[in-house]
Amino acid sequence: KAVTPYSKENCCEATCTEFTCPAGYAKKTDATLPYTKDNCCQATCAVYTCPSTYTAKANASAVAPASEANCCQETCPAFTCPSGYEKRMNATLPYTKENCCQATCTAFTCPSGYEKKMNASLPYTQDNCCQATCAVFTCPSGYSKKAKAVTPYSEENCCEATCTEFTCPSGYAKKTDATLPYTKDNCCQATCAVYTCPSTYAKKANASAVVPTSKANCCQETCQAFTCPFGYEKRMNATLPYTKENCCQATCTAFTCPSGYEKKMNASLPYTQDNCCQATCAVFTCPSGYAKKAKAVTPYSKENCCEATCTEFTCPAGYAKKTDATLPYTKDNCCQETCAAYTCPSSYAKKANASAVAPASNANCCQATCAAFTCPHGYEKRINATLPYTEENCCQATCEVFTCPHGYIKKVTATTPYSKENCCQVTCEAFTCQPGYEKKSKPVAPYSESNCCQATTTTTTTPTPSSCQLWGDPHIITFDKSQFVFYRSGDFWIVKSDAVKIQGRFQATDWTKANDHTDYSSMTDIIISGSALSDHKIEVQPYSETGQILCDDKPILKEFGESACAGAQVYYSDKGQLVDSAMAFLPHRVVQIQLPSGVHVQVNRWPNFLNAKVTMVAVPGQDGVCGNFNGDKNDDTGKMVHSRFGSGVARSELLFSKPTPLLIPKINPSVQKCPPEVRQKAEAICAQEMKDAKDWGEEECVGDACALTMESLKQHGA
């Protein structure tokens, strides 16, 4: 914008070329209007002040425009050195991290056996930063590395003398397992040479160098230490080695003198059998007629050991030498009276050939005559008694002791010999009238079928047969179907009548005792007789080594088969029903007996007992443990049958050859047969039943009630 007047001054203005920039400034190449010093000149690095930690760049004084980047460069204080590095004291240009920082000892990894120096010196090199440790020192012979070395690391500080360098004092030896620190106490150990043995001990020979020291290694017991066993004493001059054998010697107490010898009171040395033992009377042989004294005196000699025996004595007439004479040997002790000199008391007579019997006594010399016996009630003296004089041979039963069978009565005038036939006579009650006949209301004697029976005018009905079963211990179902258990042992009537007689032997078996733990019986024998067999007998025993089937005491049917006995047929086979099905697992051995009267008896033979079933029609006067067969089971309960037959078969009615004792059970049934709740009910029942019971034990009542209760529960599915 020119102004007037227009002239060179008003039209023209100076450009930057005309300007002279002050020192430290330079012309701008891109100056802007208006052309002034400020617009034409710019500061150079010569007048630029670099910030702290920076310095002017070399040869940059003329550089423009002036700026930190154009004029300045970082110095070493501006750099942060990495870990293990530090600032150089005299850094060189250019200022870079490499020129400003130098590695310190921290950055160095010392080789094996070396460690960092605590105060390293410049320059930082491996030699100045690392120092050798004890690990690189080789200790001289007899030295070893110290466990804890001290600095500075040197041979003196790293190595220490070992036990090899120590000289142990006299009586000591080097340890093989020395411990640190290596000192005399740790390197040396006492030997037996300096060990003091306790009292009653002495040093072992050749043990002076033995280690470690101990009583066991250095010392041995002397005889003083030994306690000699009973019968031994210390030797006066014991020899080595000191052992019980060398220190102790047997005294006479230890010697067992041979038979016939005894210990001397004052034995002399040396202790030997000859010096310790002396012969007693036992080794002396007395001359004939002499015997050893019971109490001999010392010194032991023939005179002091022997005395005359009974052999030297002559007994007077009627006396004989005793076989068991007692001391002292005198006539009274050597001789005894014989029966020849003995006087029998009244009602006794001398035994034949007893004159030389000794010692004399009533039992040895005399026998009772019949005059000495008092016959029991119902018996009388025999007119002509036979020897030997015994109650059986001197007394005979009279009709008074005979029990006439049912249907018989005692004869008014009996004849001898006294027997059932001579003492009893039949009454009409014993007769069974033929079909179509009935008993007369007023029979006349003599009693015979024609005098007792008369024809009936009414039609008779054929009686119905029934069965009685006996099994186990034993359970019984009667003809009238009453049921009970008969536990006691003995001989009992099964069926008692004139026509049919059946007896059973009930006994506790070993099996019952071992398995049921009771003394309850089982049937071990059955015998059949009566007028239906003409009083012959059929007997069946268990199947065992001794068990048999007998006809009048003679064996029949040793194997399966058929036989006849007194008109009865006996069949033996493995066929037939079992009375007790629980025994079905065993081989069957069934005896079928058919009597002429129509009675049928089945017997199952088992190894140690029998089961039986009797089938028949009722006969007059019948009774037994199978009941009275009168059609009423209420009079055949266990209580009532025991009251009638619990005492067993009378001796005079016994069909068996010998009786068996009557035993009442004392053991209650087991828990299996009678659980507690059932037993409680059974005991309540028996508390009432036993008040008027006869021949029926409490254990039998409880067992019977338990059996019936358990059977009832079984039938009702409980």
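Okay, let's start with charge: the protein chain has 67 positive and 68 negative charges, and their mean positions sit 6 Å apart. Lys and Arg count as positive, Asp and Glu as negative, with His and the chain ends left out; each charge is placed at NZ of Lys, CZ of Arg, CG of Asp or CD of Glu.

Quick caveats. This is a predicted model, where local features need pLDDT of at least 70 and side-chain atom pairs pLDDT 80 or more, while totals for chains, interfaces and linings use all residues. Numbering runs from 1 along each chain as its sequence is written, and side-chain values use heavy atoms, without hydrogens or water.

Now the overall build. We've got 20 helices and 44 strands, taken as DSSP runs (H or I, at least four residues, for helices; E, at least two, for strands) and numbered from the N terminus. The radius of gyration is 69 Å, well over the 27 Å that the globule rule gives for 718 residues, so the chain is more spread out than a compact globule. That radius is over C-alpha atoms, and the rule is 2.2 Å times the number of residues to the power 0.38. Along the principal axes, the C-alpha atoms fill a box of roughly 215 × 115 × 50 Å.

How much of the chain is buried? Of the 718 residues, 33%, where buried means under 20% relative accessible area (1.4 Å probe, protein chains only).

On to the cores, meaning sets of buried Ala, Val, Leu, Ile, Met, Phe, Trp, Tyr and Cys residues joined through side-chain atoms within 4.5 Å. The largest nonpolar core has 47 residues, and L470, I494, I502, I526, I593 and V625 touch the most other members. Apart from that core lies another of 9 residues, including C674 and C686. Back to I593: beyond its neighbours within four places in sequence, its contacts include I528, V570 and H600, contact being heavy atoms within 4.5 Å.

C433 is in the loop between β28 (424-426) and β29 (437-439). C433 counts as buried because its relative accessibility is 17%. From C433 to I526 is 29 Å, C-alpha to C-alpha.

The A64 to P65 peptide bond is cis, omega near -5°, and so is A358 to P359, with omega near 0°. L557 isn't a glycine, yet has a positive phi of about 50°; F629, also not a glycine, has one of about 55°. L557 is buried at 14% relative accessible area, and F629 is buried at 11%.

How values were computed
Buried < 20%, exposed > 50% of the residue type's maximum accessible area, 1.4 Å probe, protein only.
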